Amino acid sequence: MNYLLQINAFYDRLELNPLNSSEIALWHALMSINNKAAWSNTFTVASSVLCRRSGIKDTSKSSNFYKARNALTQQGFITWESRKGNQSAKYSITKLYGNLSTYSVDNSVDSSVGNGVDSGVDNSVALNKHKQKQKKTSRRNRKKPVYDQANDFMKLAVYLQKQIMLNNPDFKQPNLQTWADDMRKLVELDHRDKHQVALVIKWCQHDSFWSTNILSARKLRDQYDQLYLKMKADQGSTPEQRVSKKQDEHKKWLRDRDKFVLYKYSETGNDLDEAMPIIQAEYPQVTKAEAERILHPELYLAAGGVDDGH
């Protein structure tokens, strides 16, 4: 597993599936332990060790640890299973990034030529017919995927529906399963970033022309390249948009800063005193109090603090 790609993919998912600081810290603790285990498919670790690594102090059955672990499981970030007696639970971390499949043209050509020489024309025709029949049967038997409300593609479909309804409250209820599948194709087959898709949805539904034309996920997919280029061309064309762009850049800076603090905190075994010199070497303006707010925002807000926007 590639550590950096995995972390980047994790935070990309957080754009649509936010987690609290305990859940994020627990995920980083599991990643750190799996890294030391040479990225084994499964590994065992005691709950007490994970609590210590993630900074979760309560180990009771109703503690934040079990809530955080269940949240990571439900979101699809990890899987785990208990074992008999006092044995430690077994964990597996879901790989969040994908590899592009490769296909060798040379091997394909060599194989095709060799088969053509070895077999007759009649056999080749019969084989092609058989393959076509198998493909048709496979398509008939293939079950359509079902998307629940927690699925990222369903969230994009619902987001498009809500944006459309802001312009037209009487908009007819669409088939959200079909829309979610079109969103899946846009992301997986067309290789579009989910966060970028959400930005394009918001932009097109605020545009006087495209808001009356993009009224389905399929239409969004068909026109995506044109919409994306138009959105990029419009960015920064007015003072208001330039301010918005600066705000977005600041938010990105805050996200990158928070990622760095969480990563270094996890990397040093959740020892903030040890992590602070590393953090301040990259972000000199981050104080220990600020790092505490980043690591434990729920405690700061509960104490009556003011959220600084990240």
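Tutor: A nonpolar core is a set of buried Ala, Val, Leu, Ile, Met, Phe, Trp, Tyr and Cys residues joined through side-chain atoms within 4.5 Å. Buried means under 20% relative accessible area, exposed over 50%, and partly exposed in between (1.4 Å probe, protein chains only). This is a predicted model, in which local features need pLDDT of at least 70 and side-chain atom pairs count only at pLDDT 80 or more, whereas totals for chains, interfaces and linings use all residues. Residues are numbered from 1 along each chain as its sequence is written, and side-chain values use heavy atoms, with hydrogens and water left out.

Student: Which residues have the most contacts inside the largest nonpolar core?

Tutor: They are Phe10, Trp27, Leu30, Leu50, Phe77 and Tyr91, in a core of 44 residues. Helix α2 (residues 21–36) supplies the largest share of this core, 7 residues; helices (H or I, at least four residues) and strands (E, at least two) are DSSP runs, numbered from the N terminus. A separate core of 28 residues includes Ala157, Phe171, Ala217 and Met231.

Student: What is Leu30 in contact with, leaving aside its neighbours within four places in sequence?

Tutor: Leu30 is in contact (heavy atoms within 4.5 Å) with Phe43, Val45, Leu50, Ile78, Tyr91 and Ile93.

Student: Why is Met276 called buried?

Tutor: Its relative accessible area is 8%, and the limit for buried is under 20%; Met276 is therefore buried. Met276 belongs to helix α13 (residues 272–282). Apart from neighbours within four places in sequence, Met276 is in contact with Val286, Thr287, Lys288 and Ala291.

Student: What makes Glu290 count as buried?

Tutor: Glu290 has a relative accessible area of 11%, which falls under 20%, so Glu290 is buried. Glu290 is placed in helix α14 (residues 288–295).

Student: What joins the side chains of Glu290 and Arg257?

Tutor: A polar contact of 3.4 Å joins them. The term requires a pair of N or O atoms within 3.5 Å; within protein, one must be able to donate a hydrogen and the other to accept it, and residues adjacent in sequence count only if both atoms are side-chain atoms.

Student: Why are α7 and α9 called roughly parallel?

Tutor: The axes of helix α7 (residues 152–167) and helix α9 (residues 194–204) cross at roughly 10 degrees and come within 10 Å. Angles under 35 degrees count as roughly parallel, over 145 as roughly antiparallel, 65 to 115 as roughly perpendicular and the rest as oblique; α7 and α9 are therefore roughly parallel. Axes are lines fitted to C-alpha atoms, for helices over the stretch in contact, and angles run from 0 to 180 degrees between N-to-C directions.
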